[in-house]
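Work through the exercises below with the sequence and the model open. Each task is followed by a solution in steps.

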Amino acid sequence: MALFDLPIDELREYRSESTEPEDFDGFWSKTLQEARAFDLNPRFDLVDTGLTTVKVYDVTFAGFGGHPVKGWFTIPAEVSAPVPVVVEFIGYGGGRGLPHEHLLWASTGRAHFVMDTRGQGSAWGGGGGTADPVAGAPAYPGFMTRGIDAPENYYYRRVFTDAVRAVEAARSHPLTDPARTVVLGGSQGGGISIAVGGLVPDLAAVAPDVPFLCDFPRAATVTDRHPYREIGLYLKTHRGRFEDVLGTLAYFDGVHFASRGRAPALFSAALEDQTCPPSTVFAAFNAWGHDDKAIEVYDFNDHEGGGPYQEAAKLGWLRSYA
């Protein structure tokens, strides 16, 4: 696929037309307040994985609605004093997988916490183990339209809340330094990272790669690739509801979370990416609220983005922050 979105000079100036709800902050403040009414109750159970350079813990904590959410916590075996912690979120359809799939960040001397995504984990990788017990209105198969009838019911309200609670769970471990907490992820994980970056005010750094869940008004109309296409296919049946749907999605648009970002950030975008079009990524990057921000651009890549090259970029970049 050749370049299909805006030229790079226009991308660097692009601003989303997504309309921020007047009660955006109140909505999220109430949502997190309700979640925190449940005891976080983080449990870290040491597991035997056959790995000798790291210790791995099977984690359970209370997410949205007090629902149990799983994760893996991995830390260098010889650590005896608090270290920075990297909290990672997973791409669309994936789950926390198996512990040996997540060794990069613990290999740098940091702790690593990877959150399972509720209801996902059956499309690729080593699977997931967190249910989503909340029923919703009729939806197109996938996750993009689950509960899209109202912001209170929308699927990503639960996921973003889980993610904030995952940061709180990771910080609760005695061998993590809460002041040096990093959140990151790719695609859906990048979109979740942006949301957490807007909801948690004291992170050390945020690193979203080719992030999903940004600039919904453009994303839903500029690409016909899934998962964004789920929105269009839903509307193909539910005719005339586009404005209502955008009204719900506005509460979950990475652009609005990005404007509240208070930590240094490293984004990445790929100019041939039809899954998360570069204009939607730049919409969030250009809105990011902290002055210390950068974006790596991969000219001839699709949704794989920078892949291992972006991992190397993050390894170097994070030395200054955590």
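**Exercise 1. Burial and surface**

Task: State what share of the residues in this predicted model is buried, and describe the accessible surface.

Solution. 
- Step 1. A residue counts as buried under 20% relative accessible area.
- Step 2. By that cut-off, buried residues make up 58% of the 322 residues.
- Step 3. The accessible surface of the protein comes to about 12900 Å². Carbon and sulfur atoms account for 50% of that surface.

**Exercise 2. Overall build**

Task: Decide whether the radius of gyration agrees or disagrees with that of a compact globule, then list the overall features of the fold.

Solution. 
- Step 1. A compact globule of 322 residues would have a radius of gyration near 20 Å.
- Step 2. The protein has 18 Å, which agrees with the globule value.
- Step 3. Along the principal axes, the C-alpha trace spans about 55 × 40 × 35 Å.
- Step 4. The secondary structure consists of 10 helices and 9 strands.
- Step 5. Take the contacts between residues at least 6 apart in sequence: 74% of them join residues at least 24 apart.
- Step 6. For charge, count 27 positive and 41 negative side chains. The centres of these two sets lie 4 Å apart.

**Exercise 3. The surroundings of Asp 5**

Task: Locate Asp 5, classify it as buried or exposed, and find the polar partners of its side chain.

Solution. 
- Step 1. Asp 5 sits in the segment before α1 (8-11).
- Step 2. Its relative accessibility is 14%, so Asp 5 counts as buried.
- Step 3. The Asp 5 side chain makes a polar contact of 2.7 Å with the side chain of Arg 218. A polar contact with the side chain of Ser 279 is also listed at 2.7 Å.
- Step 4. Set aside the neighbours within four places in sequence: Asp 5 is then in contact with Arg 218, Pro 277, Pro 278 and Ser 279.

**Exercise 4. Backbone exceptions**

Task: Examine phi at Asn 41 and Asp 215, and the peptide bond from His 226 to Pro 227.

Solution. 
- Step 1. Start from the background: most residues other than glycine have a negative phi, and most peptide bonds are trans.
- Step 2. Asn 41 is not a glycine, yet has a positive phi of about 45 degrees. Asn 41 lies in the loop between α2 (24-36) and β1 (43-47).
- Step 3. With a relative accessible area of 41%, Asn 41 is partly exposed.
- Step 4. Asp 215, also not a glycine, has a positive phi of about 55 degrees. Asp 215 belongs to the loop between β7 (205-209) and α5.
- Step 5. The relative accessible area of Asp 215 is 1%, so Asp 215 is buried.
- Step 6. The peptide bond from His 226 to Pro 227 is cis, with omega near 5 degrees. Pro 227 is in the loop between α5 (216-222) and α6 (229-237).

Conventions
Residues are numbered from 1 along each chain as its sequence is written. This is a predicted model: local features need pLDDT of at least 70, side-chain atom pairs count only at pLDDT 80 or more; totals for chains, interfaces and linings use all residues. Side-chain values use heavy atoms; hydrogens and water are left out. Helices (H or I, at least four residues) and strands (E, at least two) are DSSP runs, numbered from the N terminus. The radius of gyration is taken over C-alpha atoms; the globule rule is 2.2 Å times the number of residues to the power 0.38. Buried means under 20% relative accessible area, exposed over 50%, partly exposed in between (1.4 Å probe, protein chains only). Contact means heavy atoms within 4.5 Å. Accessible areas come from the Shrake-Rupley method with a 1.4 Å probe; for residues, only the protein chains shown count as cover. Lys and Arg count as positive and Asp and Glu as negative; His and the chain ends are not counted. The place of a charge is taken as NZ of Lys, CZ of Arg, CG of Asp or CD of Glu. A polar contact is a pair of N or O atoms within 3.5 Å; within protein, one must be able to donate a hydrogen and the other to accept it, and residues adjacent in sequence count only if both atoms are side-chain atoms.
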